[in-house]
Amino acid sequence: NNNNNNNNNNNENSPSKHTSSELDYDSKHTKTETETTIIESVTESRYTDSHGYSSHNSPKSILFVCLHGMDRSALAKAIAEQLSPVTTVACRALADHFEGAPVSAEMRRLAEDHGIEGLESHRSRVLGPGEAECYDRIIVFDLEDYQEVQLLWSGQKCLKRVEMLLNYLGKSNDVRAVSDPYRFGNQVKVFDQISVGVRAMLDKEGILTTEKGVMNVLHSVNEEISEVRQRNRTLTNSLKHEQAKAKKVPILQHEMRRQAKDISDLLEQNQTLRAQIQAMSHKNLELSAAVGAGIAKVSEHEENDINNQKTILQYHSTVTDLHNQVSRLKTKLRMATLELETEKIQTQALQNEIQGLLNPGVLFAEN
């Protein structure tokens with residue numbers, strides 16, 4: 001980057017050294033007293049150390065948010081990824097009317113001149129619902145964006161993680177905003193503001209990759225290389241072992257072909273059995289229906305049998321009663337017959353007596 005700066009010192013459009021005058025608002029966008037009050041409220045009481053910031057856990061992820069998601073947030077993301085490669089960085093737009101739009105040609109040229117990569121493939125993407133909750137720090141660029149997220153995320157925890165980029169420059173420089181280059185132009189000043197602001201932010205957050213940090217990363221990389229080499233040796237030994245096994249491959253292939261044929265035969269038998277089972281299931285359903293009908297008929301017959309048995313019992317009872325009545329009538333008849341015989345005998349005797357009385361000679365002769 002320093003070489004690129006030296007090469008572009010004579011270029012009127014190249015970024016100059018970062019002075020406090022260059023960090024002022026564009027003449028088209030001046031602060032009012034109300035804006036100043038709101039902006040000052042963004043600088044919270046936690047910035048109390050010697051640099052104006054208190055110690056807190058370094059963020060592992062950062063989200064840059066601007067209105068269009070084209071220039072400011074994309075540039076800040078690209079710079080942050082170069083200065084802090086171990087940090088997860090993303091950028092999003094608040095408005096959807098530039099969805100899919102690329103970074104402006106002027107901003108891409110400035111980034112290329114300073115060795116910043118990644119803007120060619122960037123496309124604007126709108127911030128999704130709940131997406132802000134996934135990031136440890138959320139960075140906005142001006143008062144308008146700050147007020148917008150205050151309305152969008154009212155009552156949400158992620159509001160505590162929202163900061164304006166140039167707040168990281170500290171109170172001594174006052175709190176300023178990075179104006180929207182799409183509306184107000186002046187890409188060179190915006191580039192300078194974002195470059196200074198992102199570096200200050202990473203430094204204050206403790207995630208700026210310094211020479212010591214690079215050495216630590218290199219040390220970690222060397223350790224990982226050693227581990228990879230050890231894994232490669234292990235894999236090499238495993239490969240030799242597998243190569244020894246590979247000599248048995250022809251035998252195994254023959255066995256596999258035989259087993260494949262057996263499996264094919266079994267599958268064919270399985271299909272046949274399935275067809276037989278389906279036929280048996282169909283017959284079983286028919287038999288079940290027939291059995292159900294038979295059971296219904298048996299139940300009907302059983303009910304008829306019960307009714308017949310009741311009728312027979314009633315007939316038996318009636319016949320028994322008739323037999324009893326006939327027996328009683330026979331007894332009465334015998335008694336009546338005996339009485340009749342007795343009456344006949346008595347009548348005959350009386351007739352004889354009367355005859356004797358009327359004709360004594362006859363009676364005598366008869367006697």
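Below, the two of us take the labels one at a time.

Modeller: Happy to. Please keep in mind that this is a predicted model.

Biologist: How do you know how confident the predictor is in the protein, and where is pLDDT under 50?

Modeller: On a confidence scale from 0 to 100, the mean pLDDT of the protein is 78, and 78% of its residues reach 70 or more. Residues 1-56 stay under 50, and the model has 76 contacts beyond four places in sequence for them.

Biologist: What makes up the fold, in helices and strands?

Modeller: The protein has 10 helices and 4 strands. Read along the sequence, their pattern is α-α-β-α-β-α-β-α-β-α-α-α-α-α. Of the contacts between residues at least 6 apart in sequence, 77% join residues at least 24 apart. Buried residues account for 30% of the 367 residues.

Biologist: Which residues have the most contacts inside the largest nonpolar core?

Modeller: That core has 36 residues, and those with the most contacts inside it are Phe 64, Leu 75, Leu 165, Ile 194, Val 198, Met 201 and Leu 202. At least two residues each come from β1 (61-66), α3 (72-83), β2 (88-93), α4 (105-113) and α7 (187-205). The largest share, 9 residues, is from α7.

Biologist: What is Val 198 in contact with, leaving aside its neighbours within four places in sequence?

Modeller: Val 198 is in contact with Phe 64, Ala 76, Ile 79, Ala 80 and Leu 165. Apart from this core lies another one of 17 residues, among them Leu 63, Leu 127, Tyr 146 and Ala 177.

Biologist: Now some single residues. Why is Arg 137 called buried?

Modeller: Buried means under 20% relative accessible area. Arg 137 has 9% relative accessibility, so Arg 137 counts as buried. This arginine is found in strand β3 (residues 137-140).

Biologist: What makes the pair Arg 137 and Glu 205 a polar contact?

Modeller: The cut-off is 3.5 Å between N or O atoms, where one must be able to donate a hydrogen and the other to accept it. The side chains of Arg 137 and Glu 205 are joined at 2.7 Å, so the pair is within that limit.

Biologist: And Asp 142: buried or exposed?

Modeller: Asp 142 has a relative accessible area of 5%, which is under 20%, so Asp 142 is buried. Its place is in the loop between β3 and α5 (143-152). A polar contact of 2.9 Å joins the side chains of Asp 142 and Arg 72. Leaving aside neighbours within four places in sequence, the contacts of Asp 142 are Arg 72, Met 164, Ala 177, Val 178 and Arg 183.

Biologist: How do you know how many disulfides there are?

Modeller: A disulfide needs two cysteine sulfur atoms within 2.5 Å. By this rule the count is 0 disulfides. For Cys 134, the nearest cysteine sulfur is that of Cys 158, 9.9 Å away, and Cys 134 is in no disulfide. Cys 158 is in no disulfide either, with the sulfur of Cys 134 as its nearest cysteine sulfur.

Biologist: Why is Cys 134 called exposed, and why is Cys 158 called buried?

Modeller: Exposed means over 50%, and Cys 134 has a relative accessible area of 59%, so Cys 134 is exposed. Cys 158 has 0%, which is under 20%, so Cys 158 is buried.

Biologist: What makes the phi of Asn 186 worth a look?

Modeller: Most residues other than glycine have a negative phi. Asn 186 is not a glycine, yet has a positive phi of about 55°. Asn 186 lies in the loop between α6 (181-184) and α7. At 36% relative accessibility, Asn 186 falls between 20% and 50%, so Asn 186 counts as partly exposed.

Biologist: One more loop, please. Why is Pro 85 called exposed?

Modeller: Pro 85 has a relative accessible area of 55%, which is over 50%, so Pro 85 is exposed. Its place is in the loop between α3 and β2. Pro 85 and Leu 208 are 123 residues apart in sequence and 9.0 Å apart in space, C-alpha to C-alpha. Leaving aside neighbours within four places in sequence, Pro 85 is in contact with Ala 80 and Thr 209.

How values were computed. Residues numbered from 1 in each chain as written. Predicted model: local features only at pLDDT ≥ 70, side-chain atom pairs only at ≥ 80, totals over all residues. Heavy atoms only, no water. Buried < 20%, exposed > 50% of the residue type's maximum accessible area, 1.4 Å probe, protein only. Contact = heavy atoms within 4.5 Å. Core = buried A, V, L, I, M, F, W, Y, C linked by side-chain atoms within 4.5 Å.
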